[in-house]
Amino acid sequence: MTFDLEKAQIMFKLARKNNWGNRYDRIEHFKRFPNLNQIRKDLSNIGWIILHKKSKFLGISLNNGYKKEIIEFIETQMPYIKGAIR
């Protein structure tokens with residue numbers, strides 16, 4: 001599994017659950033991805049995901065400001081889901 005495909009799968013999971021902006025999901029729900037920490041840092045640095053630091057957990061959500069770019073990236077990496085994200 002390539003690094004970009006893992007990024008797309010994580011973002012697709014967030015998009016599918018409608019986790020944009022202030023709607024977040026706990027980071028532990030993504031622990032099946034082996035490169036999770038590196039991906040989290042990369043996506044956070046470019047601003048595609050927002051980190052929500054809570055007292056007991058870390059939450060992540062997609063940044064609404066980059067919605068078009070995020071959807072394009074996911075559809076490029078996972079062409080079989082084209083049109084599934086709104």
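## Salt bridges

Let's start with the charges: the count comes to four salt bridges, a salt bridge being a side-chain nitrogen of Lys or Arg within 4 Å of a carboxyl oxygen of Asp or Glu. This is a predicted model, where local features need pLDDT of at least 70 and side-chain atom pairs count only at pLDDT 80 or more, while totals for chains, interfaces and linings use all residues. Residues are numbered from 1 along each chain as its sequence is written, and side-chain values use heavy atoms, with hydrogens and water left out.

One of the four joins Asp42 to Lys7, with the closest N and O atoms 3.7 Å apart. That pair ties together distant parts of the chain, since Asp42 sits in helix 2 (residues 36-45) and Lys7 in helix 1, 35 residues apart. Helices here are DSSP runs of H or I with at least four residues, strands are runs of E with at least two, and both are numbered from the N terminus. Lys7 is buried at 13% relative accessible area, whereas Asp42 is partly exposed at 21%. For these words, buried means under 20% relative accessible area, exposed means over 50%, and partly exposed is in between (1.4 Å probe, protein chains only).

## Two more pairs

Lys17 and Asp25 also meet through their side chains, at 2.5 Å from N to O. Asp25 is buried, with a relative accessible area of 7%, while Lys17 comes out partly exposed at 33%.

Then there's Lys68 with Glu72, a salt bridge at 3.4 Å, N to O. The two are four residues apart in helix 3 (residues 67-77), so about one helical turn separates them. Lys68 is exposed at 61%, and Glu72 is partly exposed at 44%.

Strand 2 and strand 3 (residues 58-62) run antiparallel and are joined by five bridges. Among the residues involved is Ile50, whose bridge partner in strand 3 is Ser61.

In helix 2, the buried residues are Leu36, Ile39, Arg40 and Leu43. They lie on the same side of helix 2 because they cover an arc of only 100° around the axis, the arc being that of the directions from the helix axis to the C-beta atoms. Their cover includes helix 1, strand 2 and strand 3.

Helix 3 buries Ile70, Ile71, Phe73, Ile74 and Glu75. Helix 1 and strand 3 are among the elements that cover them.

## Positive phi

Two spots deserve a look at the backbone. Asn18 has a positive phi of about 60° although it is not a glycine. Most residues other than glycine have a negative phi. Asn18 is placed in the loop between helix 1 and strand 1, and at 41% relative accessibility it counts as partly exposed.

Methods:
Pairing = 2+ DSSP bridges. Contact = heavy atoms within 4.5 Å.
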